[in-house]
Amino acid sequence: MILTDEQRKVADEILAWAGDDTHFKGLSGPAGTGKTTALKFLRPELEKLYPGGVVWCAMTGKAAFRMAEIAGVEAMTFHTAFYEGPED
């Protein structure tokens, strides 16, 4: 997968943060800036770092659907994650 320089920078920063004690990571930006492409790249790396599972969340149902469609993850809204939890 080919990332832009900016996407590579963000991916490297997220992977560097993944080793700290914070269990919540966020990626935001305007439409069309490559957030989902970056997630597609980051998915296998983050799933290696967190073998117990990664909960992929988005602000809206449409964004969660798009994340699932493009990045191939089981995504949900933050509301669903907080109130219902991921399915096992």
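Mentor: Contact means heavy atoms within 4.5 Å. With that rule, residues 24 or more positions apart account for 46% of the contacts in the protein chain with a separation of 6 or more. This is a predicted model, so to speak of local features takes a pLDDT of at least 70, and side-chain atom pairs count only at pLDDT 80 or more, while totals for chains, interfaces and linings use all residues. Residues are numbered from 1 along each chain as its sequence is written, and side-chain values use heavy atoms, with hydrogens and water left out.

Start with the layout. The protein chain has four helices and two strands (DSSP runs numbered from the N terminus: H or I of at least four residues, E of at least two). Along the sequence the order is α-α-β-α-β-α. Of the 88 residues, 24% count as buried (under 20% relative accessible area; exposed is over 50%, partly exposed in between; 1.4 Å probe, protein chains only).

Now the pair α1 and α2. Helix α1 spans residues 5–17 and helix α2 spans residues 35–49. Their axes lie 10 Å apart, at an angle of about 20° (lines fitted to C-alpha atoms over the stretch in contact, with angles from 0 to 180 degrees between N-to-C directions). That makes α1 roughly parallel to α2 (under 35 degrees; over 145 is roughly antiparallel, 65 to 115 roughly perpendicular, the rest oblique). From α1 come Q7, R8, A11, I14 and L15. They meet T37, F41, L42, E45, L46 and L49 of α2. By class, the residues of this contact are seven nonpolar, two polar and two charged (nonpolar: Ala, Val, Leu, Ile, Met, Phe, Trp, Tyr, Cys and Pro; charged: Asp, Glu, Lys and Arg; polar: the others, Gly among them).

Look at Q7, in helix α1. Q7 is buried because its relative accessible area is 11%. The Q7 side chain reaches the backbone nitrogen of T4 at 2.9 Å. Leaving out residues up to four places away in sequence, Q7 touches T33, G34 and T37. T37 is also one of the α2 residues in the contact with α1.

Next, α2 and α3. Helix α3 covers residues 61–71. The axes of α2 and α3 come within 9 Å and cross at roughly 55°. That makes α2 oblique to α3. On the α2 side, the contact uses T36, L39, K40 and R43. On the α3 side, R66, M67, I70 and A71 take part. The classes here are four nonpolar, one polar and three charged residues.

T36 sits in helix α2. At 21% relative accessible area, T36 is partly exposed. Beyond its neighbours within four places in sequence, T36 is in contact with R66, M67, I70 and A71. T36 and A71 are 35 residues apart in sequence, yet 6.2 Å apart in space, C-alpha to C-alpha.

Finish at strand β2, residues 75–77, where T77 lies. T77 counts as buried because its relative accessibility is 18%. Its side chain makes a polar contact with the side chain of T80 at 3.0 Å (a pair of N or O atoms within 3.5 Å, one able to donate a hydrogen and the other to accept it within protein; residues adjacent in sequence count only if both atoms are side-chain atoms). Setting aside residues up to four places away in sequence, T77 touches C57, A58, T60, G61 and A64.
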